Amino acid sequence: MERPYIFCHMMTSIDGKIMGAYMDAPEGEVAGEVFYRLAFGDNPYYRHQGWLSGRVTTDDNFTDYAKPELDENAPPVPEGDYVARRDAAMHYVSVDPSGRLGWKSNELVYQDTKAHVVEVLTGKATNAYRAFLRKLEISYILAGEDTLDIPLAMKKMKDLFNIETLMLGGGGVLNWSFIDAGMCDELSVVIASAADGSSDTPALFETRGGYGNDRAVGFTLESAEIMEGGCVWLRYTVKK
């Protein structure tokens, strides 16, 4: 396989929402702990070398919608990809096609997990933004000119960063884009025994902005387990 094995690991409410007030309910908090333990705990079920999210998810959880400190007069950077570090045990891969995230460091901390930041850019990212990433020693790859080339990006994840297994972690548009492109092998969903009735929060899978096709995709159930707090952990393989 010329790309990592990719599993989508998400927590949802009973009605399939990946964000919302349900997360603050006791049942949501317990499900969140189960979600973390399966992928990032002391003895995780999944043994992966990186996890990938979109720009909005990254801003929501890590960069807090900060603006990048750009030098519009920065000298031209070398063409191609930039690998600042090859020996990281864990990578956080952020899909940021136009280069908009305002990072402060090349490393992030998610609970007790540390990860080296890798940006996935397209040709729309400016020289000033690439210079900004280089100044912080944040790795980046280029995949596509105007739109994201998912197969190319995933091939580079394996070739440049030795990522054999990659977790796909939202949002809903990015999740579906990978499913639609045939670039997701497994789906893991922790369903909290809670809901909040919101109609404005994103779902596990979505098509918006021309990303992904509105079509039916089948899944094969591999396992179903009742976990703490009444949450359920479902594992599926994706039918090709």
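Start by selecting F7 and M167: in this predicted model, F7 stands opposite M167, a residue of strand β7.

Now widen the selection to the strands around that pair. β7 covers residues 165–168, and four bridges join it to β1, with the two strands running parallel. Show β1 itself next, residues 5–12. How many of its eight residues are buried? Seven of them are, so this strand is mostly covered.

β1 has another partner to look at. Select residues 186–191, which make up β8. Six bridges join β8 to β1, and here too the strands run parallel. To find a specific position in this pairing, pick C8 and then L187, its bridge partner in β8.

For the next stop, move to strand β5, residues 113–121, and select E119 within the strand. Is E119 buried or exposed? E119 is buried, and yet it has no salt bridge. If you look for a side chain of opposite charge, the nearest is that of R55, 8.9 Å away.

What does the side chain of E119 make a polar contact with at 3.2 Å? Show W103: its side chain is the partner there.

Finally, bring up the surroundings of E119. Leaving aside residues up to four places away in sequence, E119 touches S94, D96, L101, W103, Y129, L133, I138, S139, Y140 and I141.

Terms used: Residues numbered from 1 in each chain as written. Predicted model: local features only at pLDDT ≥ 70, side-chain atom pairs only at ≥ 80, totals over all residues. Heavy atoms only, no water. Buried < 20%, exposed > 50% of the residue type's maximum accessible area, 1.4 Å probe, protein only. Lys, Arg positive; Asp, Glu negative; His and termini not counted. Salt bridge = Lys/Arg side-chain N within 4 Å of Asp/Glu carboxyl O. Polar contact = N/O pair within 3.5 Å; in protein donor to acceptor, adjacent residues only side chain to side chain. Contact = heavy atoms within 4.5 Å. Pairing = 2+ DSSP bridges.
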